[in-house]
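Here is a short note for a colleague opening this entry. Please read the points alongside the view.

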Amino acid sequence: IQEGGAMRITSITVVCLLTTSALLAQEAKKIATGWIDANADAIKRVNKNIWTYAETGLQEFKSAKELTDFLEANGFTVEKGVAGMPTAFVASYGRGKPVIGILAEFDALPGLSQDTTPERKERPDVGAGHGCGHSVFGTASTSGAIAVKKAIEAGKVSGTIRLYGTPAEETGIGKTYMLREGMFKDCDAILTWHAGDRSAAGFSYTKAVVSVKFRFSGLPAHASTSPHEGRSALDAVELMNHGV
């Protein structure tokens, strides 16, 4: 999804979730997309700043501040340093049900430093880069949440909009710790997206990222005389992998 498309799709989806009235939904969409268009320069500036910071997982101090400052300036209440992570945050506006969450990632990847040139060229003294578009991701999710807030503020829709600043996505840490702390428990729906070369909306699911260790104690047996007495740890791993 492209940045502009992400903001519009996210904000329009949320306002539809917040009302059953087609008329109010249309009015809310107009307010939300109008705010996005009117604040395009500020949104681009936030994205460029986060791209420039290029901070890796759990080190996104400037990036998190960029987003939380933007949210607070637009009337959100922000809880910082949640789930024991200094760069994780939750920004909220509104009250009551439904509670709609939007995920925002903003970590960079090590080894992907790239200058603003068409050829490969590292930025001086910068060892990381936003190869997966997370500067765009965090900015567009945040901007989409603010756009929905404007519609709530205007009385066109009601409920709670919540922006989750989820750090360290590339290492699978941020959301895991926030989930463990029950931070998504009261949400009625949570929206996410990813940068791409086209804008589209869809519903899908993926397998969760879970780190698990198994210890198997096998029993050796001679293959020619007593194979039936052996217990192969390798067989156990293969059966587990196939869901048996």
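1. Which residues in α4 meet α5? Leu67, Phe70 and Leu71 of α4 meet Gly138, Thr139, Thr142, Ser143 and Ile146 of α5. Contact here means heavy atoms within 4.5 Å. The contact divides into 4 nonpolar, 4 polar and no charged residues; Gly counts as polar, Leu, Ile and Phe as nonpolar.

2. On sources: this is a predicted model, where local features need pLDDT of at least 70, side-chain atom pairs count only at pLDDT 80 or more, and totals for chains, interfaces and linings use all residues. Residues are numbered from 1 along each chain as its sequence is written, and side-chain values use heavy atoms, leaving out hydrogens and water.

3. Helix α4 spans residues 61-73 and helix α5 residues 134-153. Their axes lie 10 Å apart, at an angle of about 10°. α4 and α5 are therefore roughly parallel to each other (angles under 35 degrees count as such). Helices are DSSP runs of H or I, at least four residues; strands are runs of E, at least two. Axes are lines fitted to C-alpha atoms, and angles run from 0 to 180 degrees between N-to-C directions.

4. The open sheet has 5 strands, ordered β1-β2-β6-β3-β7, with mixed pairing. Strands pair if DSSP finds at least two bridges between them. β1 (77-80) and β7 (189-191) are the edge strands, each pairing on one side only. The twist averages 20° from one strand to the next.

5. β3 (residues 99-104) and β6 (residues 160-165) run parallel, joined by 6 bridges. Ala104 has Gly165 in β6 as its bridge partner. α5 packs on the sheet, touching β2 (89-94), β3 and β6. The direction of α5 makes about 155° with that of β3.

Definitions and conventions. Angles under 35 degrees count as roughly parallel, over 145 as roughly antiparallel, 65 to 115 as roughly perpendicular and the rest as oblique.
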